[in-house]
Amino acid sequence: MRIRTGIDAVEVPRFRVALERTPQIVERLFTRAEFNSVSGRPESLAARFAVKEATMKLLGVGLGSVRFQEIETLRLPSGAPVLQLSGGAAQLAMDGGVVEFSLSLTHTKMLAIAHVVALIEE
């Protein structure tokens with residue numbers, strides 16, 4: 001077994017402006033469950049966007065390689081975040097031998113950060 005990591009940071013004020021200028025971007029980036037789980041709060045959406053980019057880095061692909069909605073941050077009943085992949089992102093993870101993900105995310109009014117760790121079976 002080995003691990004792979006991906007990390008990303010998003011400037012919350014810049015992300016907030018993008019949401020205000022292009023509201024339809026929400027539907028392209030987030031699932032309804034993701035959006036509803038954070039009541040549309042820009043700082044929380046920025047953290048979930050950071051998870052998407054961190055996961056793409058971990059999978060070794062860039063923007064446009066998978067759909068943003070294929071990388072989803074949900075919450076366990078405890079409130080802990082959990083990563084759920086579907087479609088092309090799930091296939092990339094399976095092809096890469098990923099057997100488990102763990103993630104951590106945080107945000108302030110200025111910055112959102114996500115760190116994703118994958119356990120890889122060799």
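Through how many residues does a hairpin join strand 4 to strand 5? Three.

1. Basis. This is a predicted model, in which local features need pLDDT of at least 70, side-chain atom pairs count only at pLDDT 80 or more, and totals for chains, interfaces and linings use all residues. Residues are numbered from 1 along each chain as its sequence is written, and side-chain values use heavy atoms, with hydrogens and water left out.

2. Strand pairing. Helices (DSSP H or I, at least four residues) and strands (E, at least two) are numbered from the N terminus. Two strands pair if DSSP finds at least two bridges between them. Strand 4 (residues 98-107) is antiparallel to strand 5, with nine bridges. Strand 1 (residues 2-11) also runs antiparallel to strand 5, and ten bridges join them.

3. Leu119. This strand 5 residue is the bridge partner of Ile3. Glu100 also stands opposite Leu119.

4. Faces of strand 5. The strand spans residues 111-120. Its covered face holds Ala112, Ala114, Val116, Ala118 and Ile120. Leu111, Ile113, His115, Val117 and Leu119 make up the uncovered face.

5. Helix 4. Of the 18 residues, 17 are buried. Buried means under 20% relative accessible area, exposed over 50%, and partly exposed in between (1.4 Å probe, protein chains only). Gly60, just after the helix, has a positive phi of about 80°.

6. Aromatic pairs. The whole structure has three. Rings of Phe, Tyr and Trp (its six-membered ring) pair if their centres lie within 6.5 Å; planes under 30 degrees apart count as stacked, over 60 as edge-to-face and the rest as tilted. Phe15 and Phe30 are edge-to-face because their planes meet at 80°, with ring centres 6.4 Å apart. Phe15 sits in helix 1 (residues 12-21), and Phe30 in the loop between helix 2 (25-29) and helix 3 (32-37). They are 15 residues apart.

7. Burial of that pair. Phe15 has 9% relative accessibility, so it counts as buried. Phe30 is buried too, at 3%.

8. Phe15 with Phe49. This pair is tilted, with 5.5 Å centre to centre and 35° between the planes. Phe15 is in helix 1 and Phe49 in helix 4, so the contact ties together parts 34 residues apart in sequence. Phe49 counts as buried at 13% relative accessibility.

9. Cluster. Ring pairs join Phe15, Phe30, Phe49 and Phe68 into a cluster.
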